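Here is a short briefing for a first look. Start with the view below, then read the points by topic.

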Amino acid sequence: MLLLIVSLMCLAGSAILLFAAFRLSNGNRRDLRILNAHRIGALSAIQKSRMDLMEVRNRARLLEETVSGGATAVEKVHKAIANTTFGLIDLFSRDDEFRDSARRIKQSHHQKSEQVYKAVRSSNRALHILADTLIIGKAEKRIVSKTKKAP
């Protein structure tokens, strides 16, 4: 009989310990889910910052390409108009001296306009590099420093 009572007490003690272990396990699982949600939230914020930075970089690159492409298109139209004008002068001019002068002016005009459009594209590139260094570089450093501080 004593053995039966001791066995029942051991069984009841085991049941109580098992119940306590399940409660502790459920609490730990809940805490782990909360911790994981916070971790995912922090990673999402970092990823959002990275995506924002990538968007800024892409917009800057698009702006640079647009200005460069626009300058090239305007240059081609400018050259076509100048060629047409100088061609008409060459075609309808009766004076050879005036025609030679117009040809020299045409050559000078094309050289100067090429220099101007080259300067526009170079300035555009320099502004892109400056913006990349000042604005995007600082934002990138800020994101990297936040990433290093995050656990």
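In the charge count, Lys and Arg are positive and Asp and Glu are negative, while His and the chain ends are left out. Each charge is placed at NZ of Lys, CZ of Arg, CG of Asp or CD of Glu. On that basis the protein chain has 27 positive and 14 negative side chains, and the centres of the two sets lie 17 Å apart.

This is a predicted model: local features need pLDDT of at least 70, side-chain atom pairs count only at pLDDT 80 or more, and totals for chains, interfaces and linings use all residues. Residues are numbered from 1 along each chain as its sequence is written, and side-chain values use heavy atoms, without hydrogens and water.

**Overall form**
- The protein chain has 2 helices and 0 strands (DSSP runs: H or I of at least four residues for helices, E of at least two for strands, numbered from the N terminus).
- Its radius of gyration is 38 Å, well over the 15 Å that the globule rule gives for 151 residues, so the protein chain is more spread out than a compact globule (C-alpha atoms; the rule is 2.2 Å times the number of residues to the power 0.38).
- The C-alpha trace spans about 140 × 25 × 15 Å along its principal axes.

**Burial**
- Of the 151 residues, 13% count as buried (under 20% relative accessible area, 1.4 Å probe, protein chains only).

**Around E64**
- E64 lies in helix α1, residues 2–92.
- E64 is buried, at 13% relative accessible area.
- Beyond neighbours within four places in sequence, E64 is in contact with N124, R125 and H128 (heavy atoms within 4.5 Å).

Methods
Buried < 20%, exposed > 50% of the residue type's maximum accessible area, 1.4 Å probe, protein only.
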